[in-house]
Amino acid sequence: MSERKRIMTPQYVASHAEKKHLTALSIPFNRCNVPAWLLASTAYQVQPIPLQLDSIVTWYQPLFDELALLDDATARAAVFAQFMQQRFDLSALADEPPPRAKLNYRRMIIGWLFDSDSEQGAAWRCWAESRFGLLTQFHRQPLSSPESDSYGHYRQHSFAATKNANELFEQLDLLYQFCQLQLTLRQPRQSHLTLYRGCDRLAELSDIASGVVQFNNLSSFAATAESASQFGSCVYQVVVPISKIVCYESLLPNTMTGEQEFMVLGGLYRSALWRE
């Protein structure tokens, strides 16, 4: 594998208030072109760059070159689904799966939508740790450190979901890259989206400075404040880099519908409490 090009430019400098938090939010190694501490910072939020997972260029760039030539988003989704079915042998996507069917990227999305604190939710967050180096801060309860009992329980939940799975994290790698392609082609001149996070359990996030909020390494956001308020009375308005969006409600037909939901990588964000 070719050496990764890391982004280490002078404009990305953490503020004094952020430095102590960035260490707790990130791990030293990841599998993308941006260091985890930078990805977790508000500097990245202001001035994002595209994220590239290591495996994509090496093994799958021809797929995304082919997809980029298609003008229709629905056609791209169909080609992507066919590739995933063939590459990972997902032909047995029955409406009534047998007990303990192997997880796949579609079932992972549904599992997250049903309950982000489920075993599938733990697997999603473990994937975000592995690929982007963003440490999970909350899963069913606050996770104080990787050495804590609560963190061990979270990893057990992830293992329960992913055992006997068919290269599940690689499936999620491709899903993320497909999401980025669709967003980029749909909004080629747009680098951010304004999204909303509703929450009642404030243990999931914390204010670390005036206007700066720490979000879990993977969280659900909504397209409107009204939709976000269904999930909690505390609603944050956040300008999110498109590069930190993992999946969204209309990415795959017949999978995410009805709530305008976005799955967003976490870290520190400049945010504002929404007022009606």
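Axes here are lines fitted to C-alpha atoms, for helices over the stretch in contact, and angles run from 0 to 180 degrees between N-to-C directions. With that in hand, helix H5 (residues 73–88) and H9 have axes that come within 12 Å and cross at roughly 170 degrees. H5 and H9 are therefore roughly antiparallel to each other; the cut-offs are under 35 degrees for roughly parallel, over 145 for roughly antiparallel, 65 to 115 for roughly perpendicular, and oblique for the rest.

Some ground rules before going further. This is a predicted model, where local features need pLDDT of at least 70 and side-chain atom pairs count only at pLDDT 80 or more, while totals for chains, interfaces and linings use all residues. Residues are numbered from 1 along each chain as its sequence is written, and side-chain values use heavy atoms, with hydrogens and water left out.

**The chain as a whole**

The protein chain has ten helices and six strands, taken as DSSP runs numbered from the N terminus (helices are H or I with at least four residues, strands are E with at least two). It has 276 residues, and 51% of them count as buried. Buried means under 20% relative accessible area, exposed means over 50%, and partly exposed is in between (1.4 Å probe, protein chains only). The accessible surface of the protein chain is about 13500 Å², with 53% of that belonging to carbon and sulfur atoms; the areas come from the Shrake-Rupley method with a 1.4 Å probe, and for residues only the protein chains shown count as cover. As for contacts (heavy atoms within 4.5 Å), take those in the protein chain with a separation of 6 or more: 73% of them are between residues 24 or more positions apart.

**Helix pairs**

| Pair | Axis distance | Angle |
|---|---|---|
| H5 and H9 | within 12 Å | roughly 170 degrees |
| H4 and H9 | within 11 Å | roughly 40 degrees |
| H6 and H7 | 8 Å | about 115 degrees |

Back to H5 and H9: the H5 side of the contact includes Phe 80, Phe 83 and Phe 88, and the H9 side includes Leu 174, Phe 178 and Leu 185. By class, the residues of this contact of H5 with H9 divide into eleven nonpolar, two polar and three charged. For these classes, Ala, Val, Leu, Ile, Met, Phe, Trp, Tyr, Cys and Pro count as nonpolar, Asp, Glu, Lys and Arg as charged, and the others, Gly among them, as polar.

H9 (residues 168–186) also pairs with H4 (residues 54–68), and the two axes cross at roughly 40 degrees. That makes H4 oblique to H9. Among the residues that meet are Tyr 60, Leu 63 and Phe 64 in H4, and Leu 174, Phe 178 and Leu 181 in H9. The contact of H4 with H9 has ten nonpolar, two polar and two charged residues.

Then there's H6 (residues 105–114) packing on H7 (residues 119–132) at about 115 degrees, which makes H6 roughly perpendicular to H7. Met 108, Ile 109 and Trp 112 are among the H6 residues here, meeting H7 residues that include Ala 123 and Trp 124. The contact of H6 with H7 divides into five nonpolar, three polar and two charged residues.

**Two single residues**

Val 212 lies in strand E3 (residues 212–222) and, at 3% relative accessibility, counts as buried. His 153 sits in helix H8 (residues 149–162) and counts as partly exposed at 40% relative accessibility.
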